[in-house]
Amino acid sequence: FGMTVYSYQMRQKMAIARSLLAGTNMQVGEIAEALGYSDAHYFSNLFKEKCGCRPLEYRKSRQH
């Protein structure tokens, strides 16, 4: 696929996170835990690094 296993897994996890943020009312901590992160703050920082905004900002931008 032209990327490392880590990069592929990270891309998949962020896609799932974006889907859960846009399509559910799950809290950020619940999403983090569902994706295997025990620290919601770490997940939030990682999401911002990979997706360009914080999880709640992403959710808010997807609501109508």
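Here are a few friendly notes on the helices and the nonpolar core of this predicted model.

1. Some ground rules before you look. Residues are numbered from 1 along each chain as its sequence is written, and side-chain values use heavy atoms, with hydrogens and water left out. As this is a predicted model, local features need pLDDT of at least 70 and side-chain atom pairs count only at pLDDT 80 or more, while totals for chains, interfaces and linings use all residues.

2. The largest nonpolar core has 15 residues. Such a core is a set of buried Ala, Val, Leu, Ile, Met, Phe, Trp, Tyr and Cys residues joined through side-chain atoms within 4.5 Å; buried means under 20% relative accessible area, exposed over 50%, and partly exposed in between (1.4 Å probe, protein chains only). H1, H2 and H3 each give two or more residues to this core, and H1 gives the most, with five. Helices are DSSP runs (H or I, at least four residues), numbered from the N terminus.

3. Tyr-37 is among the core residues with the most contacts inside it. Leaving aside residues up to four places away in sequence, Tyr-37 touches (heavy atoms within 4.5 Å) several residues, including Met-10, Lys-13 and Phe-43.

4. Lys-13 sits in helix H1 and is partly exposed, at 28% relative accessible area.

5. In helix H4 (residues 55-62), Pro-55, Tyr-58 and Arg-59 are buried. Seen down the axis of H4, these fall within an arc of 100° (directions from the helix axis to the C-beta atoms), so they line one face of the helix. Leu-56 and Lys-60, on the other side, are exposed. The buried residues pack against H1, H2 and H3.
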